[in-house]
Amino acid sequence: MKGKYTYVWVSLVILVFGIIFIPRIIDRVKEGNIVDSDRHNVGKEVPGVESADLLTVGPVPAFEFVDQHKDTVTNEDYKGKVYVVEFFFTTCPTICPVMNQNMVKIQNEFREDSRFGVASFSINPEYDTPEVLAAYAEKHGANHPNWHFLTGDADKIYELANGGFNLYAGVNPEARGGFEHSGMFALIDGNGNIRSRKDKFGNPMVYYDGLEQEGIEMLKKDIAALLEEKQ
């Protein structure tokens, strides 16, 4: 009898979880409010699903900042372009150098395509002035004409990162370099929508790993697919 009650209790818990939480996750997908922890490996693997049509996660929020050339750049300047978004800072001693080495590899893959671009938002805008960003871009070989290193009001940048893209960025005096941020890249299509492939379970990946070669290769393929989609 005890085992029967235990079974009923477990079934009730599963039912309540399904009623309360699953619709909330689905709503966040529809609204574009997805964070890394939502990318659960749930369900059966579906062979080949990673190469399926790219999902539309949600629209890119409006932004307006100044780039390394002291030009004002907005999300409208990227209209008609397929581009990659990252959050970084020039004095980062940990993951940023790897992220931007990988971003340069992506840049080189699409160097001759004027429909490709990159938006790199500094999370330390007080230090990362246009002059500092220009020197950083030159040092790292970031020379695609549509690669903009962006700086401006810190609150607006953090709002864009955490509220707009759901890519974490924040000040942390205890972290190396004084800041923390995600190592993920976001992919945006020519209509200003965040796009993503599915993982092997059929769930939206949402973001691409900017640190591992596997993520970079996926991103290259999906950029090429979106460029082809626009033709």
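Select Phe63, Phe65, Tyr78, Tyr83, Phe87, Phe121 and Phe165, which form one aromatic cluster. Rings of Phe, Tyr and Trp (its six-membered ring) pair if their centres lie within 6.5 Å; planes under 30 degrees apart count as stacked, over 60 as edge-to-face and the rest as tilted. This is a predicted model, in which local features need pLDDT of at least 70 and side-chain atom pairs count only at pLDDT 80 or more, while totals for chains, interfaces and linings use all residues. Residues are numbered from 1 along each chain as its sequence is written, and side-chain values use heavy atoms, with hydrogens and water left out.

Next, centre on Phe63 and Tyr78. Their ring centres are 6.3 Å apart with planes at 55°, so the pair is tilted. Both residues are buried (under 20% relative accessible area, 1.4 Å probe, protein chains only).

Phe63 has a relative accessible area of 5%, and Phe121 one of 0%.

Finally, select Val85. Leaving aside neighbours within four places in sequence, Val85 is in contact (heavy atoms within 4.5 Å) with Ala119, Phe121, Phe165, Met184, Phe185, Ala186 and Ile188.

Terms used:
Buried < 20%, exposed > 50% of the residue type's maximum accessible area, 1.4 Å probe, protein only.
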